[in-house]
Amino acid sequence: MSAPDKPKQEIQLDPTEVLAQKLYIELCGRVYSVSGGEKPQPKMLAQMSFKLAAAFQAANYEFNPTAVAARDAKAKASVNLDNVEIDFSYGKPK
């Protein structure tokens, strides 16, 4: 009999990185498919992709009411342990 399958942990992907990757692929496809002219280095396109992704996400939380509501709901559902005080003393206080 085989051992029961363990549930796979979901890998948390950085949304900025995912968006930047999509932008980078699109930019490279457009820039390098055109013949003639000087082409920018791929590293420069990658930097621009990350800047565009960060700017888009900042504007998304500023102008998109659905994204703002989702962010607020996630913040309310999370537990903030910064203000929790735990007494680790054991037994009677001296």
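Biologist: At what angle do the axes of helix H2 and helix H3 cross, and within what distance do they come?

Modeller: This is a predicted model. In it, the axes of H2 (residues 42–63) and H3 (residues 65–77) cross at roughly 90 degrees. They come within 6 Å.

Biologist: Why is H2 called roughly perpendicular to H3?

Modeller: Angles from 65 to 115 degrees count as roughly perpendicular. The crossing angle here is roughly 90 degrees. Therefore H2 is roughly perpendicular to H3.

Biologist: Which residues of H2 and H3 meet?

Modeller: From H2 come Asn60, Tyr61 and Phe63. From H3 come Pro65, Ala67, Val68 and Arg71. The contact has five nonpolar residues, one polar and one charged.

Biologist: What makes the residues of that contact nonpolar, polar or charged?

Modeller: The class follows the residue type. Tyr, Phe, Pro, Ala and Val count as nonpolar.

Biologist: How many helices and strands does the protein have?

Modeller: Three helices and zero strands. From the N terminus, the order reads α-α-α.

Biologist: Where is Gln57, and why is Gln57 called buried or exposed?

Modeller: Gln57 sits in helix H2. Its relative accessible area is 19%. Buried means under 20%, so Gln57 is buried.

Biologist: What makes the link between Gln57 and Thr16 a polar contact?

Modeller: Their side chains are joined at 2.5 Å. The cut-off for the N or O pair is within 3.5 Å, and one atom must be able to donate a hydrogen, the other to accept it. Beyond its neighbours within four places in sequence, Gln57 is in contact with Pro15, Thr16 and Leu19.

Biologist: Why does Leu19 count as partly exposed?

Modeller: Leu19 lies in helix H1 (residues 15–33). Its relative accessibility is 23%.

Biologist: Which residues does Leu19 contact, leaving aside its neighbours within four places in sequence?

Modeller: Ala53, Phe56 and Gln57. As for Leu52, its C-alpha atom is separated from that of Leu19 by 8.9 Å, though the two are 33 residues apart along the chain.

Biologist: What share of the 94 residues of the protein counts as buried?

Modeller: The share is 10%. The protein exposes about 9,100 Å², and carbon and sulfur atoms supply 59% of that area.

Biologist: What share of the contacts with a separation of 6 or more comes from residues 24 or more positions apart?

Modeller: Such pairs account for 47%.

Technical notes: Residues numbered from 1 in each chain as written. Predicted model: local features only at pLDDT ≥ 70, side-chain atom pairs only at ≥ 80, totals over all residues. Heavy atoms only, no water. Axes fitted to C-alpha atoms, helices over the stretch in contact; angles between N-to-C directions. Helix = DSSP H or I, 4+ residues; strand = E, 2+ residues; numbered from the N terminus. Parallel < 35°, antiparallel > 145°, perpendicular 65-115°, else oblique. Contact = heavy atoms within 4.5 Å. Buried < 20%, exposed > 50% of the residue type's maximum accessible area, 1.4 Å probe, protein only. Areas by Shrake-Rupley, 256 points an atom, 1.4 Å probe, with all protein chains shown as cover.
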